[in-house]
Amino acid sequence: MVPARYSRERGLTSRVVLTMVLLAVLYGLLVTPFFQVSTLWGLAAVAAVAVLLTAQFRYADNVALWAMDAREVSAAEEPELHGLVERLCMSSGLPKPRVAVADTEIPNAFAAGCRRDRAVVCVTTGLRERLDVAELESVLAHEMAHLAHRDVVVATIAGFPAFCGGLIITTVSGLLLGEGRLAARLAGVVLLPMVALAVLLFPLSQLLNLAISRQRELCADRTGALLTGRPAASSAALTKICAEIESAPTAELRELRPLNGLLTVPARATGRAVADLVSTHPPVEVRVRRLTEVSQRLASGRR
Amino acid sequence: MGFLDTLLGRSKPVKPDLDRLFALSTAALTLEAGTGFIPTGLGSVCFRAVEGGAFARMQKDVQELLDAGDGPEVELSTDSYGYTWLLARQPADDLPALVTDLHAVNATLEAGGFGPHLLCSLVGFQGPDAPGAVGRGHGAETRRLALVYLYKRGTFYPFAPLPGDKRDNALELQVRGAVGADLPFEDDLSRWFPVWGAPGL
């Protein structure tokens with residue numbers, strides 16, 4: 001029997017459950033004020049949330065590809081990439097995602113797409129140049145683990161309250177401080193309570209979002225390493241990508257920054273001193289340590 | 001994958017059914033009757049070599065298991081993606097023996113807990129030798145075909161390579177028509193993954 005290889009990590013599970021509960025509370029907070037006004041407003045708020053979320057589910061994958069200036073590649077163009085992805089699909093039982101390449105020197109990769117049949121795995125040209133086959137495979141396995149875990153969906157849902165908060169703050173401050181007519185300013189004043197709500201929600205939501213992201217990264221690292229059976233290659237790839245990013249010029253990193261949450265390793269030039277609480281990914285040292293544990297388990301044959 | 005697993009970010013392995021491999025013996029007869037393709041007596045199992053000593057021991061066990069008994073030849077090879085192929089050979093007219101070998105390799109790896117690293121098994125077939133029967137511009141060369149068993153899905157699909165990294169899709173669909181009823185066939189055509197240059201093809 002095999003399930004033991006995918007044995008649960010108790011601590012991780014309980015933390016994931018806790019963040020999910022907090023997230024549910026946050027969604028409640030988002031719509032409750034509208035229900036306070038009237039049931040109609042409340043329902044309208046719920047509908048608006050649903051519409052915005054659906055739009056994100058539907059178009060986020062293409063937006064991500066567009067933002068990275070990536071293009072989908074066929075099996076004839078990139079036989080090696082497709083071959084690696086296909087083998088990972090065979091050994092994992094996952095449907096095959098689309099494969100894309102982004103023409104960027106910085107080595108990195110991301111997965112996007114909320115729908116299984118539209119999912120896409122993207123690597124940069126820099127990644128292809130710097131990693132060997134085993135390392136490249138481990139990165140692809142990590143991204144496919146994200147797809148298997150539906151992390152794109154989770155990230156979208158988790159990031160949504162923060163997204164709304166940001167939207168409200170920018171809209172209302174635009175109304176208040178803009179060149180607009182008096183009516184616009186009045187509208188801004190009327191909407192001030194919403195800003196108060198947003199100011200309360202935004203940081204909370206953002207912290208939660210980041211916590212969830214870090215947890216999902218560790219999960220994906222682990223599943224990816226078990227999928228390839230080569231945690232050492234995963235560690236090597238992580239270390240390489242990280243070293244490259246730290247030495248890369250800031251301008252190039254800025255291109256990647258909007259997608260930090262999606263990337264294998266976030267494009268952050270500095271940040272060693274920044275509290276771990278505000279990063280999308282766990283520190284590489286932590287990730288490599290976890291991978292070493294998987295390595296030791298495989299080596300001992302313990303299941 | 002269940003909702004809870006999604007929520008908790010874990011994946012659950014499916015329970016594979018290796019006994020489905022035995023259906024190949026019957027399917028081969030139907031295949032010959034329907035398309036003229038006959039077994040080559042070659043078959044292989046693909047798995048990924050995991051780092052660490054435990055897997056190296058397992059690999060040795062498998063080889064010893066197959067080398068024992070009547071002494072079927074087993075060849076180990078590694079492909080460009082780092083996957084290990086174990087090629088088993090039996091007389092072309094003894095497909096049941098070949099299927100038994102493949103089943104044994106799979107079962108041993110599975111029992112050792114390496115099920116998650118099993119990829120597929122395949123059995124090779126060759127086309128009828130009739131000259132000019134092909135008419136696709138590669139002359140008298142014998143057509144090759146493999147029936148591939150996807151371990152994770154428990155399903156079969158055909159793979160028919162043509163020279164120049166092309167696939168004979170027409171033949172593959174024809175094979176599905178011929179033996180689709182005998183084998184649990186893979187419905188999702190996007191999962192008919194190519195296995196270029198696989199040993200035993």
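**Close-up views of chain A**

**View 1. Helix α5 against helix α9.** Helix α5 (residues 133–148) of chain A packs on helix α9 (residues 231–247) of chain A at about 90 degrees, the axes being 8 Å apart. Axes are lines fitted to C-alpha atoms, for helices over the stretch in contact, and angles run from 0 to 180 degrees between N-to-C directions. The pair is therefore roughly perpendicular (65 to 115 degrees). From α5(A), the contact (C-beta atoms, placed from the backbone, within 7 Å) uses Ala134(A), Glu135(A), Ser138(A), Val139(A) and His142(A). Ala233(A), Ser234(A), Ala236(A), Ala237(A) and Lys240(A) come from α9(A).

This is a predicted model: local features need pLDDT of at least 70, side-chain atom pairs count only at pLDDT 80 or more, and totals for chains, interfaces and linings use all residues. Residues are numbered from 1 along each chain as its sequence is written, while chains are lettered from A and ligands numbered from 1 in the order in which they are written.

**View 2. The open sheet.** Four strands of chain A line up as β1-β2-β4-β3 with mixed pairing (strands pair if DSSP finds at least two bridges between them). At the edges sit β1 (70–72) and β3 (109–112) of chain A, each pairing on one side only. From one strand to the next, the twist averages 25 degrees.

**View 3. Strands β3 and β4 with helix α5.** Four bridges link β3(A) to the antiparallel β4 (residues 120–124) of chain A. Here Ala112(A) stands opposite Val120(A) in β4(A). Helix α5(A) packs on the sheet, touching β3 and β4 of chain A, and its direction makes about 20 degrees with that of β3(A). Helices (H or I, at least four residues) and strands (E, at least two) are DSSP runs, numbered from the N terminus.

Terms used:
Angles under 35 degrees count as roughly parallel, over 145 as roughly antiparallel, 65 to 115 as roughly perpendicular and the rest as oblique. Two residues are in contact if their C-beta atoms, placed from the backbone, lie within 7 Å.
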